[in-house]
Amino acid sequence: METFWGAVMVAIGALFMRWGRTRSDFVVYRLLVARSQMLWRDRVHGFYQVTGAMIAVVGVLFAVLG
């Protein structure tokens with residue numbers, strides 16, 4: 001079961017990285033960006049790229065070591 005949840009985390013991390021790189025117009029991403037802009041201002045898309053990479057790495061570790 002840990003492999004499944006690790007794969008889900010990797011997929012979510014990959015989505016965040018893609019949305020951050022393309023500055024997506026997807027509704028969920030726009031809502032997240034709107035909330036995050038208060039703290040991160042114009043660096044919000046880079047924040048989501050880094051966060052997505054971190055989630056993906058943790059997902060891989062969770063799947064492999066879990």
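Author: A residue is buried under 20% relative accessible area, exposed over 50%, and partly exposed in between, using a 1.4 Å probe and protein chains only. Helices are DSSP runs (H or I, at least four residues), numbered from the N terminus. This is a predicted model, where local features need pLDDT of at least 70, side-chain atom pairs count only at pLDDT 80 or more, and totals for chains, interfaces and linings use all residues. Residues are numbered from 1 along each chain as its sequence is written, and side-chain values use heavy atoms, with hydrogens and water left out.

The part to look at is helix α3, residues 44–65. Start with its length.

Now its sides. V44, H45, Y48, T51, G52, A56 and G59 are the buried residues of α3. Viewed down the helix axis, they fall within an arc of 140°, so they line one face. That arc is taken from the directions between the helix axis and the C-beta atoms. An α-helix has 3.6 residues a turn, so residues three or four places apart point the same way. The face turned away from the buried side carries the exposed residues M54, V64 and L65.

What does the buried side meet? The buried residues of α3 pack against α1 and α2, where contact means heavy atoms within 4.5 Å.

Y48 shows one such link. Rings of Phe, Tyr and Trp (its six-membered ring) pair if their centres lie within 6.5 Å; planes under 30 degrees apart are stacked, over 60 edge-to-face, and the rest tilted. The structure holds 8 aromatic pairs. In one of them, F16 and Y48 have ring centres 5.5 Å apart and planes at 80°, so this pair is edge-to-face. F16 sits in helix α1 (residues 2–22), 32 residues from Y48 in α3. Both F16 and Y48 are buried.

F16, W19, F26, Y29, W40, F47 and Y48 form one aromatic cluster.

Finally, the loop between α2 and α3 holds R41. R41 is exposed, with a relative accessible area of 59%. Its phi is near 50°, a positive value in a residue other than glycine. Most residues other than glycine have a negative phi.

Notes. Helix = DSSP H or I, 4+ residues; strand = E, 2+ residues; numbered from the N terminus.
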